[in-house]
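Have the sequence and the 3D view open as you read.

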Amino acid sequence: YEVLWVMTNGIGPIPFYEPAREPEGDSRLFTLRYDMDVIAYNDIWVSGWDFEHPFIKHFNGETWTQYNHRFSRAIRKDHDGFVWVFTQGGVAKFTDITEAWTNYTDLPVSGLNSIYIDSNNIKWFYGTGGLLRYDDEEWIYYNTHNSQIPSNHILSFIEDRNFEGWWIATGKGLVFFDGAEFTQHDVDLSGLLDNIIRDAVVDHDGVVWLATARGLCLYDGYS
């Protein structure tokens, strides 16, 4: 059956079932949540705050297991089973098999608050400080000084439907990155409703749907 998980600010993630049925085990948290990554019904990761301590919690379909760690506004599980979070000193990955943390500090950027893991298991970290890429071997940092990104304030990041690159929603328009070049689309160049792109989603036909400051619009690669 399909389950839709909804984040709340009072009783935690709530599962909605189809068909309607009661959850098995304790499916609730009673603290503040900041991000959730649903891999499957029995593999859900949540980062949050219990008013005293930051935490990471995992739901196996029946019970929650808590792992205390530094505060993180984002959490994602990669294709190799590692869970990625932010720390005050950088980025960290965690495996619940050995409960071992690997910390990556002294990164060339701050202000990151979101994580995206693409089809090739490349990790992308972004926020108000630009874009950081990690392929398990090399860290690459993109910003307005060393690349063609029009703004360091990145609001959304998503892979192209044809796996030919990535769409980057910024405060100064939409950008397509093919791994080498950044191509900008904005009000003047592409007729977007607004240059402030708050979110971007790619549908099954490859059309990019954009939530802008002035409303919803779509971009099909041409207009």
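A residue is called buried when its relative accessible area is under 20%. By that cut-off, phenylalanine 177 and phenylalanine 182 are both buried. Please keep in mind that this is a predicted model.

**Aromatic pairs**

Searching the whole structure turns up 21 aromatic pairs.

| Stacked pair | Centre to centre | Angle between planes |
|---|---|---|
| Tryptophan 84 and tyrosine 104 | 5.7 Å | 20° |
| Phenylalanine 177 and phenylalanine 182 | 4.1 Å | 10° |

**Around strand 17**

Strand 17 (residues 173-177) is largely enclosed by the rest of the structure, because five of its five residues are buried. On one side, five bridges join strand 17 to strand 16 (residues 166-170) in an antiparallel arrangement, and a hairpin of two residues connects them. Here tryptophan 166 stands opposite phenylalanine 177.

Strand 17 also runs antiparallel to strand 18 (residues 182-185), joined by four bridges. Phenylalanine 177 has phenylalanine 182 as its bridge partner in strand 18. Four residues lie between strand 17 and strand 18 in their hairpin, and glycine 179 in the turn has a positive phi of about 100°.

**A charge over a ring**

Elsewhere, the charged end of lysine 93 sits over the ring of phenylalanine 82, 4.2 Å from the ring's centre.

Notes:
Residues are numbered from 1 along each chain as its sequence is written. This is a predicted model: local features need pLDDT of at least 70, side-chain atom pairs count only at pLDDT 80 or more; totals for chains, interfaces and linings use all residues. Side-chain values use heavy atoms; hydrogens and water are left out. Rings of Phe, Tyr and Trp (its six-membered ring) pair if their centres lie within 6.5 Å; planes under 30 degrees apart count as stacked, over 60 as edge-to-face and the rest as tilted. Buried means under 20% relative accessible area, exposed over 50%, partly exposed in between (1.4 Å probe, protein chains only). A charge sits over a ring if NZ of Lys or CZ of Arg is within 6 Å of the ring centre and within 35 degrees of the ring normal. Two strands pair if DSSP finds at least two bridges between them.
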